[in-house]
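Hi everyone, thanks for coming. Let me put the structure up on the screen, and then we can walk through it together.

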Amino acid sequence: MTQVLEKTGTRQMATPEAPLRTPYYKVGGKEDGFDIKVYMPGVAKGGVDIRLDGDQLNIGGTRTHKLPEGWRAIREELPQADYHLKLRLNVEIDADKIAANIEDGVLNLHLPKAEAVKPRKIAVQ
Amino acid sequence: MKLIRYQYPELTTSPLGDLERFFEHALTRFGRWPGLFDVEEFPHEVAADLYEDDANFYARFELPGIKKKEIDVELENAVLTVSGEHKAKEGDTEKSVTFSRSISVPDGIDTNKITAKFEDGLLTVAMPKTEIRKPKAITIK
């Protein structure tokens, strides 16, 4: 299923001033669309930005829980950067019907396939 | 009777030597994110960070998708353990995944005053330093 959505240079957007972290994600789906789970701990509802630009789906996650002032790192395993994920869709999506919700740092996205590409059952006359 | 000086096998100069080794070990074992999640549902290994300010040590764990009531936090002998069981629903089937992560924390923590908070997949454990560990300004008489 992962071949359906191809990951394309997700790090390209990162600049030295604002490094971005590519979140872990999972793609599942049924005949009528795709379900994507993006793991972005530290991001609340207001911090998610989803944009569909042609066949590119850009998912941005801004950390709601920034590191408080005065905290010094003793050990950091993962960067405290914001998230960015770029996915290339090779199936037409009905952009108006994209549904998204975020809960406990996991973004659930449903991308319904456009009517034109949905599988069709043809009745034999 | 012979007196033999004991050689510490991995003596580092850092005061947090043990702690660092612990993390080093943890990282080589678990690798970083992409590898961590090869397994079906989140999370088998949990990323952990350790911070401090003047009054507290803070441990942060990334637990996206986990519910607050599924998490257990325990501190024993300077080892902080976060563990739990996560029930994931996928379609009609329900799967259960257990997770556990331990980190060693510095000495000098007031164990009675530890607090934990879980928000948006991020668990923060605040461990107040005992009076001795807090920086003190000394006035010259």
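Let's begin with confidence: this is a predicted model, and chain A has a mean pLDDT of 81, with 86% of its residues at 70 or more. pLDDT is the predictor's confidence in each residue, from 0 to 100. Among the elements of chain A, the lowest mean, 50, belongs to strand S1 (residues 5–7), and the highest, 92, to strand S6 (residues 56–61). Strands here are DSSP E runs of at least two residues, numbered from the N terminus. Where pLDDT is low, the predicted coordinates should not be read in detail.

Some housekeeping: residues count from 1 along each chain as its sequence is written, and chains are lettered from A and ligands numbered from 1, in written order. Local features need pLDDT of at least 70, side-chain atom pairs count only at 80 or more, totals for chains, interfaces and linings use all residues, and side-chain values use heavy atoms, without hydrogens or water.

Now, a sheet in chain A. Four strands make an open, antiparallel sheet, ordered S3-S4-S10-S9; two strands pair if DSSP finds at least two bridges between them. At the edges sit S3 (24–30) and S9 (99–103) of chain A, each pairing on one side only. In the sheet, S4 (33–39) and S10 (106–112) of chain A are joined by seven bridges. One residue to look for is Ile36(A), whose bridge partner in S10(A) is Leu109(A).

That's the tour, so please jump in with questions!
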